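Please look over the sequence and the fold shown here before reading on.

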Amino acid sequence: MCETCGCGDPNSDFRIIKEEDITGQDHDHNHTHDHSHDHNHTHDHSHDHTHDHSHDHNHTHDHSHDHTHGHSHENGRKILVEQDILYKNNLLAERNRGFFQAKDIMALNLVSSPGSGKTTLLEKTIADLSGEIKFSVIEGDQQTTNDASRIKATGVPVVQLNTGTGCHLDSEMISRAVKELKIEDNSVLMIENVGNLVCPALFDLGENFRVVIMSVTEGEDKPLKYPYMFQSSHLCIINKTDLLPYVEFDMKKTIDYALRVNHHLEIYQLSARTGEGMDKWYKWLKANLK
């Protein structure tokens, strides 16, 4: 159990799937969990149940003893474990950052809830800019290589990180993935995090920028419900604007909420499917390249 966010141990089921092993739609999760638990418990209840009920009611209830039971020890231990996990993660994140800086790599951590359109945004961006920018991609999901297969079809280097029960990527996973990718100098690394607006907010991966993506199908109160993710992000992309005529979504209210949480946040509205508004995202991307 990850003491920091409550998910399964993010490294217990973690595996890297190299580009040459990424195939088409992967529906076979190969969960060979052996549930053949042997419940042959021979509970011996032959112990003597002759409990002595001769209660002596001459109780002198002296409650002067100290009731300060040490419940704070458990909370203290959890806090220390959480601090240790984040401290270790942040140290390695700084190493990742140093590596990226040395090789002039701009690393983007793309975070969102599931179904916001991160992978479609990546596909469209790579298709439109691969002639100008060298890309590589790290795909994060609990299972399958489906998204990595889509990115592989664009022709850029990609590795898949499957976290199993883990609900986020961490800096150690990124460090290991980078060694497999062999990223070129003067390029852009896109890290598509596990779809989750809670846990990934806690973990610095060593990225230069964190980009939070939401869609018009999710509701305008997302920034208020998940404030830390929006607070820790540099850019907010509101995707699927082509669906605005078909959904109840107040764009002005959404932007107001996002800026209330983080007044430094840059916000772009676009549709990765139709390409509308993508020019502003591309302009931001190029402006922040080293």
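In this predicted model, helix α2 (residues 118–129) and helix α8 (residues 278–288) pack at an angle of about 70°, with their axes 11 Å apart. Helices (H or I, at least four residues) and strands (E, at least two) are DSSP runs, numbered from the N terminus, while axes are lines fitted to C-alpha atoms, for helices over the stretch in contact, and angles run from 0 to 180 degrees between N-to-C directions. The two helices α2 and α8 are therefore roughly perpendicular to each other, a term used for angles of 65 to 115 degrees, whereas under 35 counts as roughly parallel, over 145 as roughly antiparallel and the rest as oblique.

Residues are numbered from 1 along each chain as its sequence is written. Because the model is predicted, local features need pLDDT of at least 70 and side-chain atom pairs count only at pLDDT 80 or more, while totals for chains, interfaces and linings use all residues, and side-chain values use heavy atoms, with hydrogens and water left out.

**Where α2 meets α8**
- From α2, Leu121, Lys124, Thr125, Asp128 and Leu129 meet Met278, Trp281, Tyr282, Leu285 and Lys286 of α8, where contact means heavy atoms within 4.5 Å.
- By class, this contact of α2 with α8 has six nonpolar, one polar and three charged residues, with Ala, Val, Leu, Ile, Met, Phe, Trp, Tyr, Cys and Pro counted as nonpolar, Asp, Glu, Lys and Arg as charged, and the others, Gly among them, as polar.

**The protein as a whole**
- The protein has eight helices and eight strands, and of its 290 residues 44% count as buried, meaning under 20% relative accessible area, with exposed over 50% and partly exposed in between (1.4 Å probe, protein chains only).
- Among the contacts with a separation of 6 or more, 76% are accounted for by residues 24 or more positions apart.

**Buried residues in strands**
- Gln160 is found in strand β4 (residues 158–162) and counts as buried at 0% relative accessibility.
- The side chain of Gln160 reaches the backbone oxygen of Glu139 at 3.2 Å, a polar contact being a pair of N or O atoms within 3.5 Å, where within protein one must be able to donate a hydrogen and the other to accept it, and residues adjacent in sequence count only if both atoms are side-chain atoms.
- Glu192 lies in strand β5 (residues 187–192) and is buried, with a relative accessible area of 3%; its contacts beyond four places in sequence include Lys118, Thr119 and Leu122.
- Cys236, in strand β7 (residues 235–239), counts as buried at 1% relative accessibility, and its C-alpha atom is separated by 4.9 Å from that of Val212, 24 residues apart along the chain.

**A buried loop residue**
- Leu205 is placed in the loop between β5 and β6 (209–215) and counts as buried at 0% relative accessibility.
- Leu205 and Asn109 are 96 residues apart in sequence and 7.6 Å apart in space, C-alpha to C-alpha, and Leu205 also touches Asp170, Ser171 and Ile174, among others.
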